[in-house]
Structure formats: structure tokens, C-alpha cells
Amino acid sequence: MAASVQPIEPNSRPVASPHDHDIVMHCDIRELFYGNFKAVRDTSIPIKKNSITAFIGPSGCGKSTVLRCLNRMNDLVRGFRFEGKVRFRGRDIYETGIDPVAVRRFIGMVFQQPNPFATSIFNNVAFGLRLNGYKGDKAAKVESALRGAALWDEVKDKLHKSGLSLSGGQQQRLCIARAIATEPEVLLMDEPCSALDPIATRKIEELMTDLRKKFTIAIVTHNLQQAQRVADYTGFLYVDTSMGGRTGYLVEFEQSRKLFEDPQHKHTKEYIRGEFS
Amino acid sequence: MSAHSSAQPGLPVLPGALFGSRQGEITQVPSPLQRAVDVTFRRLCHAFAWFTILLVTFIVLRIAMSAAPAMREQGWGFLTGRVWDANAGQFGILAQIWGTLYTSILALILGTAFGVAAAVFLSEGFLGSTIFGLLKYFGVHLHPWWGRLPDQIERILKELIELLAAIPSVVYGLWGIFVVIPLIRPLCHALHEHAGWIPLFSTDLSGPGVLPAVIVLAIMIMPTVTAISRDALVSVPVKLRMAAYGLGATRWESIFAVILPTASRGIAGGIVLAFGRALGETMALAMLVGNSNQINLSLFSPANTLAALLANNFPEAGPREVGLLMYAALVLLGITLVVNIMGAFILQRAAKNAAE
Ligand SMILES: Nc1ncnc2c1ncn2[C@@H]1O[C@H](COP(=O)(O)OP(=O)(O)O)[C@@H](O)[C@H]1O
Ligand SMILES: [Mg+2]
């Protein structure tokens with residue numbers, strides 16, 4: 001299906017050009033509003049199959065907003081309005097007639113705060129399987145999801161225990177297991193490590209590089225090293241508050257190595273050199 | 001510099017203040033006044049807490065003492081007798097116990113169903129988004145005044161429902177007699193005609209009875225259930241809702257599979273509280289239940305409750321009847337206590353299960 005995705009008109013900015021048939025999603029935001037407030041403009045990002053795409057930028061520049069746009073989580077915000085296109089499987093997910101609930105099943109999400117449900121570990125992971133009416137062997141799927149999230153060995157003897165009884169890092173891996181149990185095509189992660197300690201962070205990063213083999217991942221991070229370590233492509237978003245603006249936009253999108261070693265734009269250079277955060 | 005400067009030998013150590021301020025320091029030990037206020041406040045709290053406990057004990061003891069002669073005289077037979085006839089000297093409260101539990105449980109089922117539904121409606125923004133959609137249709141959803149309407153109306157509705165709890169129960173009773181009974185009578189009549197073989201409809205409604213009492217009682221306890229359930233639902237963390245939606249759950253799936261279970265402890269607390277209120281509700285029931293000592297499954301039959309028995313018989317009670325009524329009061333107290341303890345137990349179990 002991905003082969004039928006048409007490339008969206010290229011931006012004036014240099015955009016890494018992975019082969020078109022490799023692009024799973026193409027996000028093209030012209031304008032995005034919360035009520036009267038224009039939060040993001042002119043942001044066009046291709047998301048390539050089996051790669052990790054990172055969004056970086058100062059806080060408030062709209063990274064989370066862009067990410068939530070990719071599976072229509074913003075629809076839950078009263079007053080949200082979107083102009084643009086998000087291509088997925090040959091269609092625009094914002095087309096009338098497309099059910100946001102369906103979109104979210106194909107494009108899973110992991111949040112900043114670990115958010116397991118107040119139920120057993122098993123039920124947490126099986127939640128999505130039940131939603132999707134999965135008829136096969138649930139226990140096997142739960143096991144493989146927990147293995148995929150590198151959590152199986154730690155919880156295999158206490159699957160009936162509450163998900164809330166785990167440590168923060170374990171809870172986040174449980175949430176990853178829950179998200180990948182239904183094998184969505186794309187996985188969105190909004191600062192998945194920012195509530196975790198360095199060791200748990202390291203584990204999740206390893207996990208992400210591992211998951212890339214099976215899934216396509218888009219991640220928001222405020223940690224530049226993390227983007228450098230794990231991301232294949234990186235987009236830099238920016239909002240120039242000094243000029244009184246509050247609307248974020250994409251400044252630069254490149255292969256990570258190139259973006260970090262040879263940023264083209266003044267703002268990117270300054271941000272990467274750590275002149276503001 | 002010594003690492004243990006506080007343990008300098010030779011300096012006198014003041015009791016309660018192991019160290020004092022140095023010159024020019026902002027940090028100070030608490031002043032005597034601060035300490036006095038702290039101690040007084042703590043003692044007052046203790047005193048009030050104990051006073052409440054003592055008061056409850058005192059009330060129960062006094063009732064038990066007044067009931068003691070009747071208890072000796074009547075024994076357990078009081079609880080199993082179905083007749084209350086002062087002229088014949090026969091006293092039994094089984095019918096009242098039955099009526100109390102039957103009306104309360106039915107009202108609880110009805111009140112919980114509507115109360116929780118209302119709480120979901122109020123907490124999940126259904127009303128808000130409907131009004132927002134309407135405003136959007138007219139293009140004023142971002143208007144500084146109109147734009148605030150969805151939240152305002154939700155708040156007003158919530159307050160209105162809570163206001164239901166403030167209506168005096170005698171008003172409910174009057175409303176039940178003059179509005180509810182005439183309103184439901186044709187329906188009850190038809191049900192009895194056509195489905196009389198079902199025990200619930202086996203008699204006809206001739207005025208006051210179980211059903212009008214249950215309806216009014218359900219309306220009376222609904223605000224309690226709604227208010228407490230709404231608070232519990234609102235305090236379900238947003239991140240859990242997001243987790244459910246992010247997995248591709250529909251609105252109803254996230255409400256039933258995630259939000260209600262997470263809030264279930266608070267909701268159960270509300271239900272227990274409402275049940276307590278239903279058991280003890282007196283005035284409206286005395287007006288609506290029919291005050292007839294029957295044990296009957298029929299919703300349309302008149303019945304009696306313990307609280308109504310007490311209210312109806314107190315005025316003409318001689319010393320002997322007062323003892324009997326005290327005995328009945330003790331039974332009512334016992335039932336309420338058992339319900340509350342069971343409720344507390346269930347809540348505790350639920351809390352433990354959620355955390356393990
Ligand atoms: N639900 C919302 N309602 C209104 N404004 C929002 C909402 N979420 C984010 N915003 C605003 O949009 C802008 C971008 O926010 P966000 O995407 O969270 O930034 P980032 O993740 O880059 O820190 C901010 O100015 C923020 O205040
Ligand atoms: Mg963010």
C-alpha cells in the first residue's frame with residue numbers, strides 16, 4: 001500500500017529524499033490551530049519505513065502537537081483545527097469519512113508519562129488485542145509483545161499483578177508492549193524517556209533501535225544526544241518567541257548525521273550548539 | 001573546620017532546640033508561640049475526634065438501654081414477627097425490615113443507574129461538545145463570551161443536580177403523592193392487568209406503595225451518587241484516557257474499559273453513602289410507602305419501613321411502646337452499621353486489588 005503514496009509537493013527547504021515507496025506517512029501541516037491560537041505552520045515531514053524519525057526543538061515549538069497530528073489524537077482537543085494533509089496508506093487521514101479511532105489503531109502511541117491501566121500486566125498488554133477483536137492465542141501475543149519490549153523476563157512470573165506495581169522504566173516498557181501488541185504499522189513516541197532515569201532511558205533507546213526492524217517510529221525528544229544516538233532522520237522545529245511569534249514551524253529536516261554535523265540554518269546551528277533550549 | 005560542629009563539647013544544649021541561630025542568620029528555631037499554636041491545634045483535633053466517637057457510643061448506648069426492657073420481653077421474636085398491633089399486644093418488625101431493605105435496594109439500583117449515567121454525561125464532556133458543535137455551526141465557538149458557554153452549562157447542570165439533594169424530604173413526599181402516584185397509576189394498572197402473573201406486578205396500585213416510594217427515594221439519592229461519581233470520574237488522570245484513545249478505543253470503550261473501572265472505588269463509595277441515606281430516609285417514605293405491614297414482592301403493594309414505623313408511632317407511644325420503638329431503632333442502626341462496614345470492606349478490597 002505504501003507504494004501508492006504520492007510525494008507531497010517538496011518544500012523549498014532541503015528534504016532528505018528517501019525513495020518514495022519507502023515513505024509510510026507523509027505529514028504536511030499548513031496551519032494548525034487550537035481555538036484561535038495558531039500553534040504550528042508549514043511543516044512537512046516524510047516518515048520512512050523501518051526508520052526512526054526524531055522531532056527536536058525548544059519547548060513549546062509544537063513537537064508534541066505535530067506528533068499527535070499523525071494519529072489524530074488532537075481531535076480530542078476541543079477547538080482543534082487542521083489545514084493540510086497526512087498521507088497514510090494512500091489516503092489523507094483527515095479526509096472526511098475516516099474514523100480517527102481506526103487511524104489510532106494503525107498508528108500507535110507511547111506517551112511521556114508511563115500510563116498503564118490500573119489492571120494486571122497481562123490485561124494491559126491484551127487491551128488492544130481485545131479492542132481489535134483478536135481471536136487467536138492472546139497469551140502468545142502478550143508474551144511476544146512483552147519480549148519485544150524487553151520486559152518479559154522481569155514480569156513473566158507476575159503477569160496477574162497490577163501494571164502500577166512496576167517501576168517507572170518497567171511501566172514505560174509495559175506501555176510500549178501494550179502499543180506493539182497489535183503490531184501497528186507506525187509507533188509514535190512523545191518524549192518516552194523524559195520521566196525515566198538514565199539506565200531505564202538507555203534500555204528504551206536500545207529497544208527502539210530493535211523495534212525499528214519491525215515498526216516505523218516517530219519520536220519527540222528534547223534530548224539531542226538521544227536523537228543523535230537513535231534517530232535516522234531528524235526534524236528541527238522552532239518558534240521564535242523573541243520576535244513575539246508563538247507559531248512553531250519546521251526549520252530543517254535531514255538525515256540525523258547530516259543535521260547534527262552540518263546544520264544549514266542559523267537557528268538549527270544555535271540550538272545544536274546549546275545556545276538556547 | 002570540624003565535620004561535627006554540632007557536637008562541640010562544653011556548650012550547654014537547650015532541650016528541644018539542639019542548635020540556635022548564629023548572628024545574621026535568617027533561619028530560626030520555631031518561636032514559643034509557633035510551638036504553642038502547634039500543640040494546641042493538635043490537642044484540639046484529638047479532642048474533637050474523640051468527642052465524636054464518644055458521642056456515637058453514647059447515642060447507641062442510650063438507645064440500647066431504653067430498648068433493654070423490650071428486648072428482654074420480646075426477645076428475637078420481635079425480629080421475626082409480622083404483626084404490629086398495640087391492641088392485641090403483638091409486636092413484630094419483620095415486615096418493616098423487609099420493606100426497609102426492599103425499597104432501599106430497589107431505589108439504590110435505580111438511583112445508581114441514573115446517577116452514574118448522569119455522572120458520565122457530566123464528566124466526559126458530552127454536553128460540552130454538543131454545545132460546542134452547535135456554536136460552531138453558528139460560527140461563534142471562538143467568541144469570547146459564547147465560547148465559554150459549553151463549560152458554563154456543564155457546570156450549571158452539575159450544580160442543578162446537586163441542588164436535588166437540598167430539597168427537603170417532606171417536599172419530595174408531597175411531590176410523590178400529588179405528582180408521581182397519579183402519573184404512574186395508569187401504567188401500573190396496565191402492568192397488573194396484563195402481566196399480573198409476574199410477582200413484581202401481582203397487586204394493583206391503590207395509592208401509596210413500594211413503587212412511588214422507590215421512585216422518589218431513587219431521585220433523592222441520585223444527587224449523592226452523581227456528585228461523588230462525577231468527582232471520581234473527573235479525577236481519573238488524563239493520561240489514562242489518552243492511553244485508551246491512543247490504542248484506538250472508541251469513546252464508550254474507554255469509558256467502560258478504563259475510566260469507570262479506574263473510578264470504581266469512588267463510585268462505590270458514593271453508592272454506599274447513598275444506601276445509608278436510603279435506609280434511614282423517613283419523611284418521604286412515611287408519606288409514600290403506605291404504612292401497611294406486608295411482605296410482598298409486588299411493586300404496587302403498600303409496605304412499611306423501620307424509619308416510617310418510628311415516625312408514625314412516636315406521638316402516641318406510652319413507656320412500653322417507647323421501649324419497643326427503641327428496639328426497632330436499634331435494629332435500623334444495626335442494619336445501617338452493617339451496610340457501612342460492608343461498604344468499607346469492599347472499598348478496601350478494591351483498593352488493595354488495584355495496587356497489587
Ligand atoms: N491541548 C491544547 N490546547 C491548547 N493549546 C495547546 C494544547 N496543547 C498544546 N498547546 C499549545 O501549543 C503549543 C505547542 O505545544 P506542544 O506541541 O506541547 O509543544 P512541545 O511539545 O514542542 O513542547 C504551545 O504553545 C502550547 O501551549
Ligand atoms: Mg511536548
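Biologist: Which elements of chain A each supply at least two residues of the shell around ligand 1?
Modeller: This is a predicted model, where local features need pLDDT of at least 70 and side-chain atom pairs count only at pLDDT 80 or more, while totals for chains, interfaces and linings use all residues. Residues are numbered from 1 along each chain as its sequence is written, chains are lettered from A and ligands numbered from 1 in written order, and side-chain values use heavy atoms, leaving out hydrogens and water. Helices (H or I, at least four residues) and strands (E, at least two) are DSSP runs numbered from the N terminus, and a shell residue has a heavy atom within 4 Å of the ligand. The elements are β2 (37-48) and α1 (63-69).

Biologist: What is the class make-up of that shell around ligand 1?
Modeller: Among the surrounding residues are A:Tyr34, A:Phe37, A:Lys63 and A:Arg68. Ala, Val, Leu, Ile, Met, Phe, Trp, Tyr, Cys and Pro count as nonpolar, Asp, Glu, Lys and Arg as charged, and the others, Gly among them, as polar. The shell has 5 nonpolar, 5 polar and 2 charged residues.

Biologist: How many Å separate a polar side-chain atom of A:Thr65 from an oxygen atom of ligand 1?
Modeller: A polar contact with the ligand is a pair of N or O atoms within 3.5 Å. For the side chain of A:Thr65 the distance is 2.5 Å.

Biologist: Is A:Gly62 buried or exposed?
Modeller: A:Gly62 sits in the loop between β3 (52-56) and α1. Beyond four places in sequence, A:Gly62 is in contact (heavy atoms within 4.5 Å) with A:Val40 and A:Leu237. Buried means under 20% relative accessible area, exposed over 50%, partly exposed in between (1.4 Å probe, protein chains only). At 11%, A:Gly62 is therefore buried.

Biologist: What is the relative accessible area of A:Ser120?
Modeller: A:Ser120 lies in the loop between β6 (107-110) and α3 (121-131). Beyond four places in sequence, A:Ser120 touches residues including A:Leu159 and A:His160. A:Ser120 counts as buried because its relative accessible area is 13%.

Biologist: At roughly what angle do the axes of α3(A) and α6 cross?
Modeller: A:Ile121, A:Asn124 and A:Val125 of α3(A) meet A:Leu174, A:Ala177 and A:Arg178 of α6(A). These contact residues divide into 4 nonpolar, 1 polar and 1 charged. Axes are lines fitted to C-alpha atoms, for helices over the stretch in contact, with angles from 0 to 180 degrees between N-to-C directions. The two axes come within 6 Å and cross at roughly 35 degrees.

Conventions: Polar contact = N/O pair within 3.5 Å; in protein donor to acceptor, adjacent residues only side chain to side chain.
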